[in-house]
Amino acid sequence: RITQVETAFMLDRATDDYFNDNRNKIKKGEISPDAEVLRVKSSAIMDKNTTSLCKKLHGVVVEVGSSIHKKYPTPRHFGCRSIWVPITKGEINNMRINGTDLSVDEKGNKFSLESINTMLGDATQLQTFNEYIH
């Protein structure tokens, strides 16, 4: 279990470093604007050990740095095996790549913190890892 949590921390840190590096390279013109990371997709290992929180967030696509992305960082809880997968501008614009559209609520509006918390329901009662360690 400790190895899983440490791996999740390393993956999350690597993803954050990638976002920052990507942003800096875009600003400097070192990489194509199509390589800019604009969105992230929640991805969980789906098995009998996956919590209801991570099951419900699996596949959700939000903007990088959105309130949802910030409220549900990974690891989300002890033993979490979820990550936020980066989605670039080029992937969003490529019609052959599925799963890059922003997630929407039942009214067709992009998720807000309030609407995602409604969708998550009781799953939000799970203590987040950040709450657990503080």
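Colleague: What share of the 134 residues in the protein is buried?
Modeller: This is a predicted model: local features need pLDDT of at least 70, side-chain atom pairs count only at pLDDT 80 or more, and totals for chains, interfaces and linings use all residues. Residues are numbered from 1 along each chain as its sequence is written, and side-chain values use heavy atoms, with hydrogens and water left out. Buried means under 20% relative accessible area, exposed over 50%, and partly exposed in between (1.4 Å probe, protein chains only). For the 134 residues, the buried share is 34%.

Colleague: In what order do the elements run from the N terminus?
Modeller: Helices (H or I, at least four residues) and strands (E, at least two) are DSSP runs, numbered from the N terminus. The protein has 6 helices and 3 strands. Their order is α-β-α-β-α-β-α-α-α.

Colleague: How many bridges join strand 1 to strand 2?
Modeller: Strand 1 (residues 37-44) pairs with strand 3 (residues 82-88) over 7 bridges, in the antiparallel sense. Strand 2 covers residues 61-63 and also runs antiparallel to strand 1. The bridges between strand 1 and strand 2 number 3.

Colleague: Which residue stands opposite arginine 39 in strand 2?
Modeller: Arginine 39 has a bridge partner in strand 3, isoleucine 87. Strand 3 also holds serine 82, the bridge partner of alanine 44. In strand 2, arginine 39 faces glutamate 63.

Colleague: Why do the buried residues of helix 5 lie on the same side?
Modeller: The buried residues of helix 5 are Ser115, Ile116 and Leu120. They share a side because the arc they cover around the axis, taken from the directions from the helix axis to the C-beta atoms, is only 140°.

Colleague: Which helices do the buried residues of helix 5 pack against?
Modeller: The other side of helix 5 has exposed Glu114 and Thr118. The buried residues pack against helix 2 (52-57) and helix 3 (67-71).

Colleague: Why does serine 115 count as buried?
Modeller: Serine 115 is in helix 5 (residues 113-120). Not counting residues up to four places away in sequence, serine 115 touches Asp105 and Lys110. It counts as buried because its relative accessibility is 14%.

Colleague: What does isoleucine 116 touch, not counting residues up to four places away in sequence?
Modeller: Isoleucine 116 is one of the buried residues of helix 5. Beyond the excluded places in sequence, isoleucine 116 touches Leu57, Val60, Ile68, Tyr72 and Phe111.

Terms used. Contact means heavy atoms within 4.5 Å. Two strands pair if DSSP finds at least two bridges between them.
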